[in-house]
Amino acid sequence: MKPQELVLALRAMGLTQKQIQKRTGIPQPTISKIGRYGDRDVMLRTYDALRAAYEQQLKEGPVAPRAPRGRPSTRAAPAEPVAPGSAPAASAPAPASTPARAGTSSRRRPALPPVVLRPFPRGPLPWPAMHRD
């Protein structure tokens with residue numbers, strides 16, 4: 001396998017770039033470059049480390065998915081199907097919208113004035129008085 005294929009396979013198995021870094025000793029930015037661009041001139045020791053990590057991960061199996069990081073999603077959950085003949089469940093009230101701050105009714109920037117292009121003057125350029133002979 002090529003180095004890019006090894007990195008992509010390890011990522012598909014559930015490893016993060018930081019986890020690959022810990023297993024191989026290859027810096028994370030290098031792992032990112034190999035995964036994105038498929039560096040053609042990868043050192044042999046880098047290739048061997050990626051191949052060893054790939055073979056070890058094949059023996060261990062896929063990694064369990066991690067909990068998502070960051071803020072929780074504010075999207076509404078999909079509606080559950082209602083069985084025929086049963087009453088639909090009471091839905092939660094919609095969240096109140098946040099009041100707009102004063103002076104922020106629009107996020108658009110004000111329009112810029114039009115640019116006026118003037119022709120460049122032809123002929124000799126005027127030199128400052130201190131450069132005269």
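Guide: What follows goes from the chain as a whole to single residues. This is a predicted model, in which local features need pLDDT of at least 70, side-chain atom pairs count only at pLDDT 80 or more, and totals for chains, interfaces and linings use all residues. Residues are numbered from 1 along each chain as its sequence is written, and side-chain values use heavy atoms, with hydrogens and water left out.

Visitor: What secondary structure does the protein chain have?

Guide: Helices (H or I, at least four residues) and strands (E, at least two) are DSSP runs, numbered from the N terminus. Here the protein chain has four helices and zero strands, in the order α-α-α-α from the N terminus.

Visitor: How many of the residues count as buried?

Guide: Buried means under 20% relative accessible area, exposed over 50%, and partly exposed in between (1.4 Å probe, protein chains only). Of the 133 residues of the protein chain, 16% are buried.

Visitor: At what angle do H1 and H3 pack?

Guide: Axes are lines fitted to C-alpha atoms, for helices over the stretch in contact, and angles run from 0 to 180 degrees between N-to-C directions. Helix H1 (residues 3-12) packs on helix H3 (residues 28-37) at about 105 degrees, and their axes are 8 Å apart. Angles under 35 degrees count as roughly parallel, over 145 as roughly antiparallel, 65 to 115 as roughly perpendicular and the rest as oblique. H1 and H3 are therefore roughly perpendicular.

Visitor: Which residues make the contact between H1 and H3?

Guide: Contact means heavy atoms within 4.5 Å. H1 contributes Pro3, Gln4, Val7 and Leu8, while H3 contributes Ile31, Ile34, Gly35, Arg36 and Tyr37. For classes, Ala, Val, Leu, Ile, Met, Phe, Trp, Tyr, Cys and Pro count as nonpolar, Asp, Glu, Lys and Arg as charged, and the others, Gly among them, as polar. The contact of H1 with H3 then has six nonpolar, two polar and one charged residues.

Visitor: Which residues of H1 are buried?

Guide: They are Pro3, Leu6, Val7, Ala9 and Leu10. The arc is that of the directions from the helix axis to the C-beta atoms. These residues cover an arc of only 165 degrees, so they lie on the same side of H1. Their cover includes helix H2 (17-24), H3 and H4.

Visitor: Which residues touch the most other members of the largest nonpolar core?

Guide: A nonpolar core is a set of buried Ala, Val, Leu, Ile, Met, Phe, Trp, Tyr and Cys residues joined through side-chain atoms within 4.5 Å. The largest has 14 residues, and those touching the most other members are Val7, Leu10, Ile20, Ile26, Ile31, Leu50 and Tyr54. H1, H3 and helix H4 (44-60) are the elements that give two or more residues to this core. Leaving aside neighbours within four places in sequence, Val7 is in contact with Ile20, Ile31, Ile34, Gly35 and Leu50.

Visitor: Is glutamine 57 buried or exposed?

Guide: Glutamine 57, in helix H4, is buried at 1% relative accessibility. Not counting residues up to four places away in sequence, glutamine 57 touches Leu10, Met13, Leu15, Arg23, Pro62 and Val63. Threonine 46 also lies in H4 and is buried, with a relative accessible area of 12%. With the same exclusion of residues up to four places away, threonine 46 touches Ile26 and Ile34.

Visitor: What is the relative accessible area of arginine 51?

Guide: Arginine 51, found in H4, is partly exposed at 34%.
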